[in-house]
Amino acid sequence: MKFNKEILMQITNQLNFDDLQPLFEKYEINTTNRAAGFLAQCSHESSGFKVLQENLNYSAAALLKVFPKYFTTMEEAEMYAGKPEKIANKVYANRMGNGSEESGDGYKYRGRGCIQLTGKDNYRKFAEISGLGLEETLTYCISPKGAVESALYYWKSRNINTYCDKDDIKGMTKAVNGGYNGLKDREKKYNEYKYILGD
């Protein structure tokens, strides 16, 4: 299915993306439902295609709320507050292929792209698909084209198109977010994009 490039550019905040059609074809975004679902989720996750890299600049109070598994006391949270690199190295240590907190992998492989690709294992797998080296992939994921392709890789690897085919916005959201944060906004965008792209 061919999508109108001007409409796609408008939806994606006029970012100077390379032609999206080949990427959509590569990752089987080939129906109105699939395109609307993918774009709605990406738009919500990236604040309208503006935020392409995880910030992690949290206050102590926010750390206790967002990462209660890793920060159990205010005293501990205060030691990390306002230090994104230190926070990432702690909360992403020893999982997703990352090394220990001291390795620095948590920050190096923090979230990037329209749907935040996170962890060394995910970057390594995406590097194989995209034909880039691991280091190149980190930079590619914050470029306009790479931010979209990394999200498409994530989307396809988790078979999220099946939820689009069933018009299941809750299923899409759970697969992307791990919960239902921002469900109303995602649903609103999904319905808007279905209408626009279906013309």
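Trainee: Which residues in α3 meet α12, and which residues in α12 do they meet?

Mentor: Before the answer, keep in mind that this is a predicted model. To read a contact between two helices, list the residues on each side in turn: from α3 come G37, Q41 and E45, and from α12 come I169, M172, T173, V176 and N177. Sorted by class, this contact of α3 with α12 has 3 nonpolar, 4 polar and 1 charged residues.

Trainee: At what angle do α3 and α12 pack, and how far apart are their axes?

Mentor: The angle is about 45°, and the axes of α3 and α12 are 11 Å apart. An angle between 35 and 65 degrees counts as oblique, and α3 and α12 are therefore oblique to each other. Handedness is a further thing to read, and the crossing of these two helices, α3 and α12, is right-handed.

Trainee: Is G37 buried or exposed?

Mentor: The cut-off needed here is that a residue is buried under 20% relative accessible area; G37 counts as buried because its relative accessibility is 0%. G37 belongs to helix α3, which spans residues 32-45.

Trainee: With which residues is G37 in contact, leaving aside its neighbours within four places in sequence?

Mentor: Those residues are W155, C164, M172 and Y190.

Trainee: Which residues touch the most other members of the largest nonpolar core?

Mentor: The general idea is that nonpolar side chains tend to be buried together in soluble globular proteins. In this model the largest nonpolar core has 40 residues, and F24, F38, L39, C114, L152, W155 and L197 are the ones that touch the most other members. Helices that each supply at least two residues of this core include α1 (5-11), α3, α8 (120-130) and α13 (183-197), while α10 gives the most, with 7 residues.

Trainee: Which residues of helix α6 are buried, and what covers them?

Mentor: For a helix, note the buried residues and then look for the elements that cover them. In α6 (residues 84-91) the buried residues are I87, A88, N89, K90 and V91, and what covers these residues includes α4 (60-66), α5 (74-80) and α7 (105-108).

Definitions and conventions:
Residues are numbered from 1 along each chain as its sequence is written. This is a predicted model: local features need pLDDT of at least 70, side-chain atom pairs count only at pLDDT 80 or more; totals for chains, interfaces and linings use all residues. Side-chain values use heavy atoms; hydrogens and water are left out. Helices (H or I, at least four residues) and strands (E, at least two) are DSSP runs, numbered from the N terminus. Buried means under 20% relative accessible area, exposed over 50%, partly exposed in between (1.4 Å probe, protein chains only). Contact means heavy atoms within 4.5 Å. A nonpolar core is a set of buried Ala, Val, Leu, Ile, Met, Phe, Trp, Tyr and Cys residues joined through side-chain atoms within 4.5 Å. Axes are lines fitted to C-alpha atoms, for helices over the stretch in contact, and angles run from 0 to 180 degrees between N-to-C directions. Angles under 35 degrees count as roughly parallel, over 145 as roughly antiparallel, 65 to 115 as roughly perpendicular and the rest as oblique. A crossing is left-handed if the near helix is turned anticlockwise from the far one by less than a right angle, and right-handed if clockwise. Ala, Val, Leu, Ile, Met, Phe, Trp, Tyr, Cys and Pro count as nonpolar, Asp, Glu, Lys and Arg as charged, and the others, Gly among them, as polar.
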